[in-house]
Structure formats: C-alpha cells, structure tokens
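Student: Could you walk me through the strands in this one? I'm new to it.

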Amino acid sequence: MTFGDFRLDAAARQLFRGAAEVRLSPKAFDLLNLLVDNRTRAVSKAEIHDALWPDTFVTEANLASLIAELRRGLGDRPQAPRYIRTVHRFGYAFCSDIGGAVAPATDSTCWVVFNDEEIPLRAGENIIGRDPLAAVRLDFPSVSRRHAKIVVAGTSVSLEDLGSKNGTFLRSERVTAPAALADLDDVRIGSVKITVRLMRDGALTQTINAD
C-alpha cells in the first residue's frame with residue numbers, strides 16, 4: 001500500500017520512499033503496521049503496549065522512542081503531522097490517505113480456512129499464533145504467541161513450527177522441520193485445526209466433493 005511518498009510492503013516488512021528503503025527497527029515497523037491497519041481509529045497506548053510488548057512491562061519512554069523513530073523515518077513533525085498524529089492522553093493515529101495494496105510477489109494464491117473464515121496469506125512469512133500482529137491470529141490457550149509460520153515463496157508453500165509448547169501437526173504428524181504444504185492440507189496448531197487452500201494458474205488445485 002502507498003501513502004504520501006511512501007510504499008509499505010507489510011509481507012516483506014519493508015518501507016520505501018521512492019526507490020530507497022527506509023530502515024526501521026523491527027518494533028518501529030510493527031508499530032507503523034499496527035497504526036496503518038487501524039487507520040480508521042485512534043489506537044490507545046495500552047493497545048499498542050499489548051501488541052508490541054505482550055506480557056512485558058515497559059515504560060512509556062519505550063513507546064515515545066518508537067514514535068520518534070517513526071517520525072524521523074517518515075520526515076514527520078508532531079506539530080504538523082502528515083502521518084502520525086498524537087491523540088493527547090490516549091494514544092496515536094495514522095492520519096494519511098492510503099493508496100492501493102502491493103501485489104503479492106507470487107503466482108499462487110494461498111489462504112487458510114478457520115471456522116468458515118478465509119484468511120489470505122501474503123508472499124513471505126505468515127506468522128500463526130496469539131500475537132495481535134500475527135497474520136493468522138488464533139487466540140486460544142493451546143496456541144503459543146508465535147506458534148508457527150507458513151512461508152509463501154513463489155509456487156512453494158511450507159509450514160514450520162516456531163518452538164511451540166503444544167506442537168504443530170500436518171496430516172496428523174508433528175512438524176519438526178519445514179514441511180511442504182498442498183491444497184486441502186489439514187494443519188493443527190496446538191488443539192486448533194485450520195485447512196490450507198492453494199490456487200495456481202487461477203484455479204484451485206483440488207476441489208471438495210459434495211456428499
């Protein structure tokens with residue numbers, strides 16, 4: 001997606017100004033992504049803390065430092081904000097218009113199905129877990145904060161466990177190394193089941209037969 005002179009590629013975790021990449025720390029990038037994703041509203045400091053530092057105590061100086069880093073990277077000024085607006089005694093808001101999304105750098109379309117909801121996956125790493133910033137958020141006790149990841153790289157799609165407590169399972173087998181995924185694969189994240197769907201050349205690779 002684009003805003004002002006910038007292009008944000010959330011899947012690749014990159015921010016560009018023209019052709020030049022703007023270097024941000026991982027936390028600053030997460031903060032920008034959080035504000036952009038919630039651009040229709042102001043985001044409270046408490047919500048930002050929960051998303052960026054779950055179960056960890058940090059002072060308000062940490063957040064203020066990240067906001068300052070973001071503003072330096074964006075060339076923004078708190079007195080006349082173009083991108084990051086301070087909501088006094090509450091939090092922050094993204095205040096720029098957003099342009100089109102960046103097209104995924106892959107010729108396959110991938111998503112997972114959970115409770116009849118289709119969750120699209122982007123090119124690159126897609127984290128699965130309880131983390132509010134996870135691509136596939138599963139807020140369940142058996143799911144770790146960053147439990148597993150699905151990596152979309154061209155026509156290759158793979159699943160990897162991230163050292164979770166309750167394990168990641170593919171076709172009923174525990175995942176101990178990166179494993180290739182196929183259309184209609186059943187994946188269990190802790191005790192939560194999701195189904196992988198893959199589309200190539202504009203068509204699903206398998207179809208579900210009606211009973």
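Predicted model: local features only at pLDDT ≥ 70, side-chain atom pairs only at ≥ 80, totals over all residues.

Student: Which strand pairs with β12 in the antiparallel sense over five bridges?

Tutor: That is β10 (residues 124–129), while β12 itself covers residues 148–153. Strands here are DSSP runs (E, at least two residues), numbered from the N terminus, and two of them pair if DSSP finds at least two bridges between them.

Student: And how many bridges join β12 to β13?

Tutor: Six, with β13 (residues 156–161) running antiparallel to β12. The two form a hairpin with two residues between them, and G154 in the turn has a positive phi of about 65 degrees. A153 stands opposite S156 in β13.

Student: Switching topic, what is the strand order in the open sheet of three strands?

Tutor: The order is β5-β7-β6, with antiparallel pairing. β5 (43–44) and β6 (84–87) stand at the edges, each with a single partner strand, so one side of each is left without a neighbour in the sheet.

Student: Where does V43 stand?

Tutor: V43 is opposite Y92 in β7, and β5 pairs with β7 (residues 91–94) over two bridges, in the antiparallel sense.

Note on methods. Residues numbered from 1 in each chain as written. Heavy atoms only, no water. Helix = DSSP H or I, 4+ residues; strand = E, 2+ residues; numbered from the N terminus.
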